Structures are given as C-alpha cells and as structure tokens.
Amino acid sequence: MPGVFALLPEYAGLEDPVAGLRAACLDAVAWLGRDVRVLADAQGRRVADHLVGCIGDAVDEPSYLVVGNGSAKRSEKAPGHLDERAHAFDEALGASLRAGRPEVDAALAHELWASVEGIARMRDLGDLGTAQVDYDDDPFGVQYWVMRWEW
Amino acid sequence: MTLRLGRHEFADDATLMMAIVNRTPDSFYDKGATWAEDRAFERVALVVEQGAEIVDIGGIKAAPGVEIDAAEEKSRVVDFVARVREAFPQLVISVDTWRAEVGRAVCAAGADVLNDAWGGADPELVDAAAEGGAAIICTHTGGVTPRTRPYRIDYDDVVAAAIHDTVAYAERAIAAGVSPESVVIDPAHDFGKNTFHSLEVTRRLGEMVATGYPVLVSLSNKDFVGETLDLPVGERLTGTLAATAVCALAGARIYRVHEVVETRQTVDMVNTIAGRRPPRRAIRGLQ
C-alpha cells in the first residue's frame with residue numbers, strides 16, 4: 001500500500017479525497033495478522049502505524065505490511081509534473097509486484113519520486129507468489145497499489 | 001452550548017448565515033428590490049439555494065422614515081412568514097422587529113427567531129419569544145429610540161456597555177421563559193454607535209464571545225464600512241468581508257448578510273485558518 005499522507009487523521013478534510021484507497025488499505029490491513037512487521041521508510045511507517053491502529057481484531061499469523069508507491073510524475077498535474085519515463089517504470093514495477101518478485105531500479109525510482117524503500121526490502125522475503133490486486137490507480141498522478149500476498 | 005433557534009438545533013461549532021430579506025420599499029441596500037411579496041419569496045429561494053441557514057425578514061427599514069404602525073408591519077410580514085414556513089420547513093425564520101405585538105403574530109405564523117435590532121425597546125418582546133418558543137437576538141443600542149440615528153452618543157467603554165446591556169437583556173429574556181439555548185447577543189454595529197464605536201466592537205468582539213452567549217454580527221454594507229473606506233452603498237463588499245473575517249476569528253456564530261456566498265466563504269476560510277474547521281477537500285502535497 002502507498003504511504004499517502006491524506007490517509008492520516010491530522011490531514012483529514014470534510015470530504016475524503018482518497019476514500020476508495022482508504023477502504024482498500026483498511027481491508028488489506030484487517031486481513032493481516034496481529035504481529036505486523038512494517039517494511040517502509042519513515043513517512044510510510046507513519047501511515048502504516050495509523051492504519052494498523054485502526055484495526056481491532058486480527059488473527060495471530062505473523063505478517064508484513066509494505067508501504068511504498070510508484071512514480072509521482074505521471075501527469076502534468078502530478079506532484080513532480082510529467083516525466084515521460086514514469087509510466088514504463090510503474091508498469092515494470094507493478095508487474096514485478098504482481099508476480100511476487102519485486103524488482104526496483106532505485107536510482108530511477110529516486111528520479112521519479114517513487115517511494116520504494118519498503119518494496120526493495122520485500123526481496124528478503126523470497127518468492128511471494130501471485131498477488132491479489134485490491135487497488136491500482138493514479139488519481140493524483142501518483143501510482144498507488146494495494147496488493148496482498150499469502151505464502 | 002447547543003444553539004436552539006425555534007424548531008432547529010445547531011452544534012456548538014456551527015456558523016450560520018442569516019440572509020436579509022426586506023419586505024420594505026425603502027431599505028438602504030436593496031432600495032425596495034424585494035418589496036413585492038413574490039420578489040421577496042424569490043429572494044428567500046435564492047438564499048436557501050446559496051446555503052443560508054436563516055432568513056431575517058423585516059417589514060420596517062432601520063433608518064428614520066415614514067411611520068409604520070404595528071398593523072402595517074404585520075401586514076407586511078405575518079402572511080409572508082407563513083408562506084416561507086410552508087415552502088421551506090428546514091429553514092430558520094427570523095423576523096426583524098422590536099414590537100411584541102408583531103412578535104406574537106409571526107411566532108404564530110411559524111417564525112423561529114425574534115431579531116430585536118433595537119435593544120429591548122418594547123419590554124414585552126421577551127414574553128412574546130417565550131410564549132412562541134422562539135429564540136431572541138439581544139442587541140446593544142445604547143438605549144436609543146428605534147429608527148433614530150446616533151447623534152453625539154458617547155461611551156466610557158463601548159464594548160463594556162455592549163456586554164453589560166446585551167447580557168442584561170439576555171438574562172431578562174431567560175427570566176421571562178426563553179430557553180438559555182435560544183438567546184443570542186449582538187453588539188449591533190452602527191446602532192447607537194459612531195464608526196469608531198463599531199470599529200472598536202469589531203476589534204474587541206472576542207470579549208463578547210467570552211460571555212458564553214452566541215454572538216451575532218450584522219456588518220453587511222453598513223456605514224461604518226462606508227466611512228472607513230469612503231465608499232458608498234454598493235461598493236462596500238470588500239470592507240464588509242474584512243470586518244467579517246475579524247469577527248469570525250474572534251468566534252462570532254451568526255452573520256446577518258446581504259451576500260451569502262461571499263460571507264460563507266470568508267467565514268469558512270477564517271475558521272479553517274483558526275483550526276476550528278477542516279478544509280473541504282485537501283490533497284495538495286498529501287498524495
């Protein structure tokens with residue numbers, strides 16, 4: 001799931017600009033076990049801690065919550081404006097996530113404002129198998145995914 | 001405290017737009033534009049669409065002019081209140097009157113609020129509000145006679161006078177049987193005040209808010225704005241909104257206005273800056 005600050009309560013407006021994403025994230029987090037290990041950068045951890053805290057009951061299976069997202073340069077209105085390389089980068093990263101074997105070009109990710117620190121650490125978990133994709137969209141020019149793996 | 005305006009309740013942090021609807025041929029701003037009943041009704045429909053929670057229906061202009069007796073005032077407002085009540089059941093209906101006789105008649109027709117712009121000139125108005133289950137707006141005028149302009153009026157401390165008189169009026173209303181949740185105070189800009197007085201009550205409005213009573217401000221296009229900026233009626237919106245912003249920051253709850261949309265935006269913006277209201281929809285930098 002992406003580390004979107006708009007998911008945090010301190011940035012709540014009267015209307016939720018990420019309602020669909022929030023629902024997908026909460027469903028996915030509720031599906032995790034009680035013993036959640038977070039793979040994320042510092043900002044992603046803030047979002048993860050909040051969402052995990054929103055969930056009451058959970059099973060006792062150890063699990064991982066990975067926070068990251070694709071490029072933030074997918075359109076002229078995107079936070080980082082349009083970079084022509086963004087869509088190809090996200091397609092490749094998304095395909096590797098779906099396959100359960102994330103491959104990250106860290107240097108290009110940095111240029112395209114993609115948050116991949118947590119995603120890069122997923123490789124330590126081995127082959128995760130095919131993902132269930134709950135959310136795949138770029139509503140603000142930033143590529144978001146919510147995916148689940150069970151292995 | 002929850003604010004109860006007749007049939008309607010509002011949360012502690014709600015700010016409300018009270019749109020002015022004149023059933024007069026000669027009010028200073030609209031100069032009779034809604035004198036005809038159908039024009040006034042169209043104005044009600046418009047301000048409801050614009051988001052006003054309250055309409056304030058008046059049958060007599062505030063400034064000196066032709067004598068309008070109670071019978072004539074009632075003929076201008078009572079049936080109109082009943083028509084608005086039927087058409088807009090969710091709307092708070094306020095009537096701008098100082099007369100108890102008129103107050104009783106409009107409450108029977110469906111009014112929720114008696115807006116006494118003249119500071120309790122008719123001592124029985126509080127009884128009319130209590131009997132009718134209506135809220136009452138308690139204003140400060142310095143004791144002037146209704147429909148007179150201030151002339152060399154002076155105060156040691158205009159804000160202290162406004163607090164003293166409006167709180168005394170509020171306590172008198174509660175003693176008469178008006179619910180404490182239905183009492184609002186209003187410093188009454190320009191009424192019994194020169195421009196310097198109105199500017200001072202604007203600057204120190206927080207002291208009125210600190211009384212705990214909800215505060216109404218009626219700033220719209222008034223002379224204190226006109227004199228401050230040397231602008232005629234019709235060119236005072238910017239000044240009105242600046243004064244509105246100051247009152248909003250101080251915590252005013254109800255805004256009696258000609259321009260609903262502009263005032264709502266101003267009040268919402270200020271209250272959001274003050275941290276009392278979230279932004280409507282925030283995503284910039286948070287994607």
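**Entry 1: Ser63(A)**

I began with Ser63(A), which sits in strand 2 (residues 63–66) of chain A. Helices (H or I, at least four residues) and strands (E, at least two) are DSSP runs, numbered from the N terminus. The model is predicted: local features need pLDDT of at least 70, side-chain atom pairs count only at pLDDT 80 or more, and totals for chains, interfaces and linings use all residues. Residues are numbered from 1 along each chain as its sequence is written, while chains are lettered from A and ligands numbered from 1 in the order in which they are written.

A residue is buried if 20 or more other C-beta atoms lie within 10 Å of its own, exposed if 12 or fewer, and partly exposed in between, with C-beta atoms placed from the backbone.

I then looked up what Ser63(A) touches, not counting residues up to four places away in sequence: Leu32(A), Gly33(A), Asp35(A) and Val36(A). Contact requires that the two C-beta atoms, placed from the backbone, lie within 7 Å. Ser63(A) and Asp35(A) are 28 residues apart in sequence, and their C-alpha atoms are 6.2 Å apart.

**Entry 2: positive phi**

I noted His81(A), a residue other than glycine with a positive phi near 65°. His81(A) is in the loop between strand 2 and helix 3 (86–98) of chain A. It is partly exposed, because 14 other C-beta atoms lie within 10 Å.

In chain B, Ala188(B) is not a glycine either, yet has a positive phi of about 60°. The loop that holds Ala188(B) runs between strand 8 (183–186) and helix 6 (195–203) of chain B. Ala188(B) counts as buried because it has 27 C-beta neighbours inside 10 Å.

**Entry 3: chain B as a whole**

I counted ten helices and ten strands in chain B. The C-alpha trace spans about 60 × 45 × 40 Å along its principal axes. Buried residues are 49% of the 287 in chain B. Chain B averages a pLDDT of 95, and 100% of the residues score at least 70; pLDDT is the predictor's confidence in each residue, from 0 to 100.

A UniProt annotation from an unreviewed entry, "domain: Pterin-binding", covers residues 15–268 of chain B. UniProt positions are given in the numbering used here, feature names are shortened, and annotations may be inferred rather than shown by experiment. The end C-alpha atoms of residues 15–268 of chain B are 8 Å apart, and the span is 44% helix and 15% strand.

**Entry 4: helix 3 of chain B**

How many of the ten residues of helix 3 (residues 100–109) of chain B are buried? I found eight, so the helix is mostly covered. Among the buried residues are Val102(B), Arg104(B) and Cys107(B). The cover includes helix 2 (70–87), strand 5 (92–96), strand 6 (113–116) and helix 4 (125–132) of chain B. Just after helix 3 of chain B, Gly110(B) has a positive phi of about 120°.

**Entry 5: Ala19(B) and the two chains**

I listed the contacts of Ala19(B), leaving aside neighbours within four places in sequence; they include Val47(B), Ile54(B), Asp56(B) and Val260(B).

Last, I checked where the chains meet: eight residues of chain B are in contact with 13 residues of chain A. On the chain B side, five are nonpolar, one is polar and two are charged. Ala, Val, Leu, Ile, Met, Phe, Trp, Tyr, Cys and Pro count as nonpolar, Asp, Glu, Lys and Arg as charged, and the others, Gly among them, as polar. The model scores ipTM 0.79 and pTM 0.87.
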